[in-house]
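Here are my notes on the model, point by point. Please read them with the structure open.

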Amino acid sequence: MLNHIRECGMGSRTGTLTDGEVERVIDGLMVQLPPARRVLLVPPDITRCYSYAGFITASLYRRLSDSARVEIMPAVGTHRPMSREEQINFFGGNIPEQAFLHHDWRSETVRLGTVPGSYVREVTGGRCSQGVPVEVNRSLVDGTYDLIFSIGQVVPHEVVGMANYSKNILVGLGGRRMINESHMIGAVCGLETIMGNVDTPVRKLFDYAEEMFLKDVPLAYILTVTTCENGRTLVHGVYGGASRRVFEEAADLAQIWNVTEVPARMKKVVAYLEPGEFSSTWVGNKSVYRTRMMIEDGGELLVIAPGLRHFGENPEVDGLIRRYGYRGTPYTMKLVEQGAFAGADMVPAHMIHSSSEDRFTITYAVDPANMTREEIEGVGYRYMDVSRALARYPVDRLAEGRQVMPDGEEIYLVKAPALGLWRSRRWGGGRK
């Protein structure tokens, strides 16, 4: 860690920041940086298209590439590689394709050590007791880079509580065991007690791993807090540095901007998934995670997903989801006990998170040219044709939030489920 770097940040609890103000935060970090010949930038991928990380990554590349070799390795975790079109859409067209690297979570990692089982048992309240291997992309620790910038968005998250900071490295550039076991710990501990909170079992796991195994990595962070309005990213905070304080300040602001509390649970919630951002339920089921705490028992979540083409982001995961589906915790844990997911614990964790546990129904509205009724119903969801859904709920003409349709149906519309957490007051917390 670059512990000599002091924190730089700017945030607003009532308004937005300009591009110039974001650049000034970057300026405050740049003057503190040691000389570097090879630099790695670690932004999110296109599934965080409203993170503002594309702008920041492009700014850093422009500033650093004259004096150093700068490469970009998106923190994809188990996601598919970014296409060139996605790179241009997210980072702009001034970064050459050869500057981008792809992290392979199966074959490019090294083990740094293990979070001991005794510590895992302590932070999970006895729910889990197996040690967790800490694996990261080997180029982070083999001396390839003099400087590593991790860039990302702090937002409520179903596994770790508040996304980003060390998660960007330990999962985004992590290996199979770390990804699998951290996700299963999150599932076992319960996403509804985790989302939106800072000090969660998985976050404590990551804190231990960073303190013990990443202390010699030349690593600094730039974290954003953002929302979206009419397809445009609004930046409310940018924080940079090399300490956990950077994450804490960003998380405090994100709990204001990205946690929405509704007075009462809703009978029907409609969530929209941008086609350029969401092509799989692996990523698109953020619509399930982030809205579930405001849906009535017996209610419905309708997910309008015109770009959906897959369940998993890779063939292995896609095949397991197709085989077993989203059918609740008891069914999924029985499969785990039977060894159905050997070496792939992230998959049953995702299946647990993605089930309503029979509390409400989940309907996916998709393009039948991309996903059939049989495929959607085969994993345990209800099916709807996306053209029918958009005719009924014209998302581009409807306001976000609670509203009454012309025939009297009351819904709550969420246009960007990846950007927040919505919950009714019965769940407590929330400051928005």
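1. Asn230 lies in the loop between strand S9 (219–229) and strand S10 (232–241). Helices (H or I, at least four residues) and strands (E, at least two) are DSSP runs, numbered from the N terminus. Asn230 has a positive phi of about 50°, yet it is not a glycine. Most residues other than glycine have a negative phi. Asn230 is exposed, at 76% relative accessible area. Here buried means under 20% relative accessible area, exposed over 50%, and partly exposed in between (1.4 Å probe, protein chains only).

2. A word on the source. This is a predicted model, in which local features need pLDDT of at least 70 and side-chain atom pairs count only at pLDDT 80 or more, while totals for chains, interfaces and linings use all residues. Residues are numbered from 1 along each chain as its sequence is written, and side-chain values use heavy atoms, with hydrogens and water left out.

3. Glu357 also deserves a check. Its phi is positive, about 55°, although Glu357 is not a glycine. The residue is found in the loop between helix H14 (346–353) and strand S14 (361–366). Glu357 is partly exposed, with a relative accessible area of 32%.

4. Next, the sheet that includes S9 and S10. This open sheet has six strands in the order S1-S10-S9-S6-S2-S3, with mixed pairing. Two strands pair if DSSP finds at least two bridges between them. The edge strands are S1 (8–11) and S3 (69–72), each pairing on one side only. From one strand to the next, the twist averages 20°. S1 and S10 run antiparallel and are joined by four bridges. Within this pairing, Gly9 has Tyr239 of S10 as its bridge partner. Helix H9 packs on the sheet and touches S1, S9 and S10. The direction of H9 makes about 155° with that of S10. Axes are lines fitted to C-alpha atoms, for helices over the stretch in contact, and angles run from 0 to 180 degrees between N-to-C directions.

5. A further open sheet of six strands has the order S15-S14-S13-S12-S17-S16, again with mixed pairing. Its edge strands are S15 (382–385) and S16 (401–404), and each pairs on one side only. Neighbouring strands are turned by 25° against each other on average, direction ignored. S14 and S15 pair in the parallel sense over four bridges. Tyr364 has Tyr383 as its bridge partner in S15.

6. Which residues touch the most other members of the largest nonpolar core? They are Leu41, Leu60, Phe149, Ile321, Val347, Tyr364 and Ile376, out of 132 residues in that core. The largest share, eight residues, comes from helix H9 (residues 244–257). Another core lies apart, with 14 residues, among them Leu302, Tyr393, Val395 and Leu398. A nonpolar core is a set of buried Ala, Val, Leu, Ile, Met, Phe, Trp, Tyr and Cys residues joined through side-chain atoms within 4.5 Å.

7. Ile376 touches Leu308, Phe311, Tyr364, Val366, Met371, Tyr381, Arg382 and Tyr383, not counting residues up to four places away in sequence. Contact means heavy atoms within 4.5 Å.

8. Arg84 belongs to helix H3 (residues 84–91). Arg84 is partly exposed, at 24% relative accessible area. Leaving aside its neighbours within four places in sequence, Arg84 is in contact with Gly93, Ile95, Pro96, Glu97 and Phe100. Arg84 and Ile376 are 292 residues apart in sequence and 29 Å apart in space, C-alpha to C-alpha.

9. The aromatic pairs number ten. Rings of Phe, Tyr and Trp (its six-membered ring) pair if their centres lie within 6.5 Å; planes under 30 degrees apart count as stacked, over 60 as edge-to-face and the rest as tilted. Tyr52 and Phe55 are stacked, 4.8 Å centre to centre, with 25° between the planes. Tyr52 is buried, at 14% relative accessible area, whereas Phe55 is partly exposed, at 27%. Phe90 and Phe91 form a tilted pair, 4.7 Å centre to centre, with 45° between the planes. Both Phe90 and Phe91 are buried. Ring pairs link Phe90, Phe91 and Phe100 into a cluster.

10. The charged end of Arg203 sits over the ring of Phe247, 4.3 Å from its centre. The rule requires NZ of Lys or CZ of Arg within 6 Å of the ring centre and within 35 degrees of the ring normal.
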